[in-house]
Amino acid sequence: MCSGDGGFGRSGCRQVVNLRGRTVTPGLVDNHNHIVLLGLRPGYHTPLESAASFADIAATYRQRIAALPAGAFITSIGGFNPVQFAEKRLPTLAELDAISSANPLYLQVAFIGPSTTNTAGKAFFASRGVAVGADGSIAAGPATVAALNALRAVQTFDDKKRGTRDAMTYAASLGVTTHFDMGGFLIPGSPNHEDEFVFDGAASWDPYTAYDPLLDLHRNGEMKVRVRVFFLSMDNAAATPILTRRLDNAFREFGNDWLRTAGLGEFITNWPLFGVVTTPSNYPAAVRKAAERGWIYQQHTLSSAEDEVVIGNMETLNASVPVAPLHWSIAHAMTITPQQVQRLKALGGGLALHGFRYLAGTPTAAGPPYRMIVDSGIQVGAGSDSAQISALNPWLMLYYMTTGKNSSGVLINGGQTLTRQEALRLYTRENGWFSKEEDKLGSIEVGKLADLTVLNADYFSVSDEALKQLNSVLTIVGGRIVHDAGVLQIHER
Ligand SMILES: [Zn+2]
């Protein structure tokens, strides 16, 4: 019996799969996403990131509903943007009722809406004091946060475990076998919230209990994909008490190949979220503490002003604590300059690049400059920054990286595209560096972990538009089959 322990199992048997000429790639590695938050979504979260129209939403929801208990609350919280739909808006209550009247439906854009619901969903929200328009609309901001919290209020620990299983199942179906999780914002009311930046929305959690469902699945051997945890903290105080407690009490680079504590990020102190121009006053001391304790660290930036803060502090620190052995990186780097890239390269730092502008980017809000960065020779890898403002689906990200086009097909990142070979390399082999696992992750080689995906079509020869339809027919992690679409014949020997 080979089933159950997969591949080269304890019984010593083996399985033989005839791929019939299909393309195999290394398991994809997403070097920056929020898969733990994705698993904690209330309701039966159903990704809409690949939907191009309301008809696609209907098809996705009907397929999902058919597999769930009667009356299940279907949610899509983040990971899509109305501009990706041909209709360029959210569906109305009547349009959602036409998909299902028996199941409550709730769609929320990004962190805090706007949102929309059907009649069954409206009844639930109205009974909990949430303001819903006659057309099913729920305003962005406090009304959407109230709707989200009404759903969270009826969520059980088992629901969170089920959601986490669903998130891993979805990732495996797309061939993403390793996820660098970059944490969440501190939700109001969490322990120590008086000391930190606090925010509520789809990207928010209690950082002390948020990992419990995942830890439970890990203990029970139910992991389907690998997760690398980065601890996010946003101290206001000069003494950085939250970060300091993490550094004093958490083990770095600890765990096993399925689940490991990797590093710090994507924030280490409070940080102005849109275009910092001055250094947060507690930032220099925070990076020094992190470096002295030897932690891997990845910092979010959206502007070159922020890149300047991060690189300038790394240069100062490097005079006394060498930065290169720490594998520190900047995440997103949407407008980093060639000069800044060279300074970061000289320090031995890296760049983690994310194609989130695919969903709703414009020619004036595009980036990152993939071409310039790859040509610089710096350590660089890619990921998604899903699943609030970006898509977890790596094939959408690879489409953006190689075509420069957004979800509407508009060229927004011209002159900065990569070849398919380069882009795939950034999504696989180059990402091991970001957790000091170059020897284990990202390529199919003797001595590395046996993570690979068999594709439904050939990544290297399909048309640009067909890249968006790629997925996995068979995903293997550590020699174990974690996703099988049932199109290949597997023989036990
Ligand atoms: Zn970020």
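This is a predicted model: local features need pLDDT of at least 70, side-chain atom pairs count only at pLDDT 80 or more; totals for chains, interfaces and linings use all residues.
A residue is called buried when its relative accessible area is under 20% and exposed when that area is over 50%, with partly exposed in between.

**Aromatic pairs**

The count of aromatic pairs comes to 24. Two of them are set out below.

| Pair | Distance of centres | Angle of planes | Class |
|---|---|---|---|
| F54 and F85 | 6.0 Å | 65° | edge-to-face |
| F197 and F199 | 6.4 Å | 10° | stacked |

Both F54 and F85 are buried. F54 belongs to helix α2 (residues 54-66), whereas F85 sits in the loop between β5 and α3 (93-99), so their pairing ties together parts that are 31 residues apart in sequence.

In soluble globular proteins, nonpolar side chains tend to be buried together. The largest nonpolar core in this model holds 92 residues, of which W328 and L351 touch the most other members. Helix α14 (residues 394-403) supplies the largest share of this core, seven residues. Beyond its neighbours within four places in sequence, W328 is in contact with residues including V287, W295, M314, L317 and W433. A second, separate core has 20 residues, among them A72, F85, L90 and A110.

**An open sheet**

Five strands, in the order β4-β5-β6-β7-β8, make up an open sheet with mixed pairing. At its edges stand β4 (44-45) and β8 (137-138); each has a single partner strand, so one side of each is left without a neighbour in the sheet. Strands β4 and β5 (residues 74-77) run parallel and are joined by two bridges, and H45 has T75 in β5 as its bridge partner. Helix α5 (residues 142-153) lies across β5, β6 (105-108), β7 (115-117) and β8, at about 130° to β6.

**The zinc site**

Three residues coordinate the zinc ion at 1.8 to 2.3 Å: E266 through OE, H300 through ND1 and H332 through NE2. Their spacing in sequence is E-x33-H-x31-H. Because E266 lies in strand β14 (residues 259-266) and H332 in strand β16 (residues 329-332), this pair ties together parts that are 66 residues apart in sequence. Both E266 and H332 are buried.

Terms used: Residues are numbered from 1 along each chain as its sequence is written. Side-chain values use heavy atoms; hydrogens and water are left out. Donors are N, O and S atoms within 2.8 Å of the metal (3.2 Å for Na, K and Ca); water is not among the atoms, so sites may look incomplete. Helices (H or I, at least four residues) and strands (E, at least two) are DSSP runs, numbered from the N terminus. Buried means under 20% relative accessible area, exposed over 50%, partly exposed in between (1.4 Å probe, protein chains only). Two strands pair if DSSP finds at least two bridges between them. Contact means heavy atoms within 4.5 Å. Axes are lines fitted to C-alpha atoms, for helices over the stretch in contact, and angles run from 0 to 180 degrees between N-to-C directions. A nonpolar core is a set of buried Ala, Val, Leu, Ile, Met, Phe, Trp, Tyr and Cys residues joined through side-chain atoms within 4.5 Å. Rings of Phe, Tyr and Trp (its six-membered ring) pair if their centres lie within 6.5 Å; planes under 30 degrees apart count as stacked, over 60 as edge-to-face and the rest as tilted.
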